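Here are some friendly notes to read beside the picture. Keep the model open and look up each residue as you meet its name.

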Amino acid sequence: MLELKNICAGYGKNQILADISLSFPKSKFICIIGPNGSGKSTLLKTAMGIIPILSGEIYIDSENVNSLSRRQLAERMAYLSQGKNVPDMTVGQLVMHGRFPHLSYPRRYSEKDKSIVSAALNELRISGLRDKPLFSLSGGMRQNAYIAMALAQDAEYILLDEPTSYLDISHQLELMKSMKRLTALGKGVVSVLHDLPLAFSFSDYIVVLNNGVVVAEGTPEELYNRPIIREVFGIELDYSAEEKSYRYKYIL
């Protein structure tokens with residue numbers, strides 16, 4: 001369990017998050033949604049220790065993260081940010097970087113490392129791009145390579161900030177299915193998403209942020225039956241029982 005207890009955090013004296021208490025269990029796909037500027041990305045960065053907390057505590061499997069080294073934290077949590085640089089390397093080399101937290105000195109990749117990297121490439125269906133330079137890929141394919149790197153880290157918890165950015169609809173759906181498969185293997189997956197139908201259709205649990213505070217949380221079914229989405233986003237969703245999926249409700 002990844003636990004945030006009474007967390008306040010922000011940038012310098014600019015507090016973004018106020019008294020956030022959340023639990024992210026393993027084997028669950030949890031989506032964080034909210035309007036722009038609501039603190040979604042800040043929440044993930046705070047959980048990863050990228051942004052220092054102003055007050056509160058963070059625990060991972062009952063251990064305070066302050067007691068863990070950066071390497072120990074990286075072995076247990078993987079993080080994929082928005083807006084990434086494009087390094088001069090191949091897809092295979094990038095994904096292999098996900099194994100760094102698990103390597104001892106001197107850094108030599110074992111057969112196990114290579115097997116995990118191959119599995120990550122296969123999971124994202126980009127094995128055929130292993131030897132391709134990153135700069136030669138489309139934005140969507142490059143995003144898949146970064147996600148494969150996060151998977152190769154083989155952490156217990158995977159935190160993703162807008163992972164569907166740059167992906168077309170079919171690849172978005174494939175990615176969501178991949179996330180669900182990871183939870184079936186015992187991983188805890190936490191993702192910031194702007195696409196509400198995707199979040200409601202695939203997640204096990206949803207957290208709604210607004211102005212730096214949690215205004216609602218629950219299963220997709222629970223939140224669908226409350227007015228919170230209309231109040232926070234100014235839109236409504238429809239649910240198709242036949243297709244077991246959600247969609248935007250357009251009023252013309």
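1. A word on angles comes first. Angles under 35 degrees count as roughly parallel, over 145 as roughly antiparallel, 65 to 115 as roughly perpendicular, and the rest as oblique. The axes are lines fitted to C-alpha atoms, for helices over the stretch in contact, and the angles run from 0 to 180 degrees between N-to-C directions. Helices (H or I, at least four residues) and strands (E, at least two) are DSSP runs, numbered from the N terminus.

2. Please keep the origin in mind: this is a predicted model, in which local features need pLDDT of at least 70 and side-chain atom pairs count only at pLDDT 80 or more, while totals for chains, interfaces and linings use all residues. Residues are numbered from 1 along each chain as its sequence is written, and side-chain values use heavy atoms, with hydrogens and water left out.

3. At what angle do H4 and H5 pack? Helix H4 (residues 111-123) and helix H5 (residues 139-152) pack at about 140°, and their axes are 8 Å apart. The two helices are therefore oblique to each other. The crossing of H4 past H5 is right-handed; a crossing has that name if the near helix is turned clockwise from the far one by less than a right angle, and is left-handed if anticlockwise.

4. Which residues meet there? From H4 come Ile-116, Val-117, Ala-120 and Glu-123, and from H5 come Ala-148, Leu-151 and Ala-152. Contact here means heavy atoms within 4.5 Å. Six of the residues in this contact are nonpolar, none is polar and one is charged. For that sorting, Ala, Val, Leu, Ile, Met, Phe, Trp, Tyr, Cys and Pro count as nonpolar, Asp, Glu, Lys and Arg as charged, and the others, Gly among them, as polar.

5. Gly-98 sits in the loop between helix H3 (91-96) and H4. Its relative accessibility is 2%, so Gly-98 counts as buried (buried is under 20% relative accessible area, exposed over 50%, partly exposed in between, with a 1.4 Å probe and protein chains only). Apart from neighbours within four places in sequence, Gly-98 is in contact with Met-149, Ala-152 and Gln-153.

6. Now turn to Lys-187, in the loop between helix H6 (169-184) and strand S8 (188-192). Lys-187 counts as buried, because its relative accessibility is 16%. Its side chain makes a polar contact with the side chain of Asp-154 at 2.9 Å. A polar contact is a pair of N or O atoms within 3.5 Å; within protein, one must be able to donate a hydrogen and the other to accept it, and residues adjacent in sequence count only if both atoms are side-chain atoms.

7. Thr-183 is in helix H6 and is buried too, at 7% relative accessibility. The side chain of Thr-183 reaches the backbone oxygen of Lys-180 at 2.6 Å. Leaving out neighbours within four places in sequence, Thr-183 touches Ser-27, Lys-28, Phe-29 and Val-189.

8. Helix H1 (residues 40-47) is mostly covered, with six of its eight residues buried. Among these buried residues are Leu-43 and Leu-44. Just after H1, Gly-49 takes a positive phi of about 80°.

9. Is Ser-62 buried or exposed? Ser-62 is exposed, with a relative accessible area of 63%. This residue lies in the loop between strand S4 (53-60) and strand S5 (63-64), and has a positive phi of about 70° although it is not a glycine.
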